[in-house]
Amino acid sequence: MDCGKISEDILNALRQGGADMGECVVSAGETTEIYYESGKISMVRTVLNQKAAVKSIKEQKKGTFATNALTENTASEAAAAALAASEQAPADPAEGVAEYTENRIFARGSRTPDRDRLYTLLRDFLDTVARDYPKISFDSVSIGHSYGEMTYRNTNGVEMRESDGYNTFSTMFMAREGEKTSSFNYFGFVFNDLDTPLLERGMARTLLAETEQQIAPQPIEGKFEGDLIITPACLMDFLETAAGNFLSDGAMIEGTSIWKDSLNRQVASELLTWRSMPESPELVATDRVSGDGYAAKDMTILEKGILKNFCLSRYGAAKTGRERSANTQSCYVVDPGETTLAEMIASISNGLLLNRISGGAPASNGDVSAVAKNSFLIRDGKIAGAVTETMLSGNIAAMLKQITAISKERISDGASILPWIKTTGVTISGK
């Protein structure tokens, strides 16, 4: 499929239909997957996907349309649908499309998978886990390769193209011992290097070993205010929530962000430097073109706890009167600290090692109440055992302010590079 030709046809159809401005994103991809379930390779498949998303603006009224059924009539039908939708929309002066600066082409990774090598990596992983972690029982394991290409084009003459290929791995599992089982756990990562064993990537060994220790978790008695060590497996949830609640278009436009007036002010511990780095060669899965037609660039969000940038799209910037951000995606990288994980654990008299949380969406101010999953009690500087039926209550913005240590160690899953973070003042309660 020629994404460039289809996008050009869509823009021509928008102009002919009377649009003042318009843009479209046309993408196509191929994903190869090898599945292991119920003790055997259960499926090998290749999935093709394609999509066209169109935006029309006429008299400051926006209309959108998206389809994954691309035919010879896609351009005219998609343009007509977007134009029709704009007729029913309210006028919004903030609507527009990316201005022309420099057209770019980004390409990286392989287009085709090395199926034999992926299969070998999977078999080696399963055999090694069976030997080193005999209590682990897999619900599912998937390894594969993803390739995609995309063209963004608009009526200002912007044309941005991107193609990317990389390998993927994910698994869900539990531990069994007789009739006892742990709760489910999971991990995944993306990668290009085909030499490193899967078990030596990310937090694979740590999470498998910890899951074997979670077969007989114990509830915490009572309630106390303690410390948390948030692991890399869980830290992304906290950062994404902070970005959504305090930095994003929605929070800034609606005025609910508690950081809306805090640019260049201290909002978190000076230990925390948090970046978004789509240009990093250390990351594999990054979008180099933003959804609204700009080349995504590296950006510091917090520098030593000082808010340096929001995460605003072209529309969010126009709506709030602020600058558009260098990017609005994740690709999060947190700078390492000066404390080892072992030292962090030894410093806690009463707290939790937090691997996963389950609960509803936090309030707009960051208040959160959730259940700790796959987590461990820390008592008198030592891991005291796996916990169950344990609730956490606190505020994400306060937790970021109350960071007291960041680990020297960091973990990369190919899409982020994150350390362990210690924070304090969280309410931990059991039965």
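The dialogue below goes through the cores, the pocket and the cavities of this predicted model.

Q: Which residues have the most contacts inside the largest nonpolar core?

A: In soluble globular proteins, nonpolar side chains tend to be buried together. Here the largest nonpolar core has 46 residues, and those with the most contacts inside it are L247, W259, L272, W274, L302 and L352. The largest share of this core, nine residues, comes from α5. Apart from this core lies another, of 39 residues, including I34, F125, L207 and I348.

Q: What does L272 touch, leaving aside residues up to four places away in sequence?

A: With those neighbours left out, L272 touches L302, E303, K304, G305, V334, L400, I403, I406 and I421.

Q: Which residues lie nearest the centre of the largest pocket?

A: A pocket is an open set of points, whereas a cavity is one from which the probe cannot get out. The largest pocket has a volume of about 440 Å³, and of its 19 lining residues F187, G188, P232, A233 and D413 lie nearest the centre. Both β8 (185–191) and α5 (232–247) supply at least two residues of this lining, which by class has 10 nonpolar, five polar and four charged residues.

Q: How many cavities of 30 Å³ or more does the structure hold?

A: There are two. The largest cavity, of about 50 Å³, is lined by 13 residues, of which S290, D292, R324, S325 and N327 are the closest to its centre. The second largest cavity, of about 30 Å³, is lined by I230, F238, M399, L400, I403, I421 and T423, a lining that divides into six nonpolar, one polar and no charged residues.

Conventions
Residues numbered from 1 in each chain as written. Predicted model: local features only at pLDDT ≥ 70, side-chain atom pairs only at ≥ 80, totals over all residues. Heavy atoms only, no water. 1 Å grid on protein atoms, 1.4 Å probe; cavity = no way out; pocket = protein on both sides within 12 Å on 5 of 7 lines; lining within 4 Å. Points joined across faces, edges and corners; volume = space filled by probe spheres on them. Helix = DSSP H or I, 4+ residues; strand = E, 2+ residues; numbered from the N terminus. Nonpolar A, V, L, I, M, F, W, Y, C, P; charged D, E, K, R; others polar. Core = buried A, V, L, I, M, F, W, Y, C linked by side-chain atoms within 4.5 Å. Buried < 20%, exposed > 50% of the residue type's maximum accessible area, 1.4 Å probe, protein only. Contact = heavy atoms within 4.5 Å.
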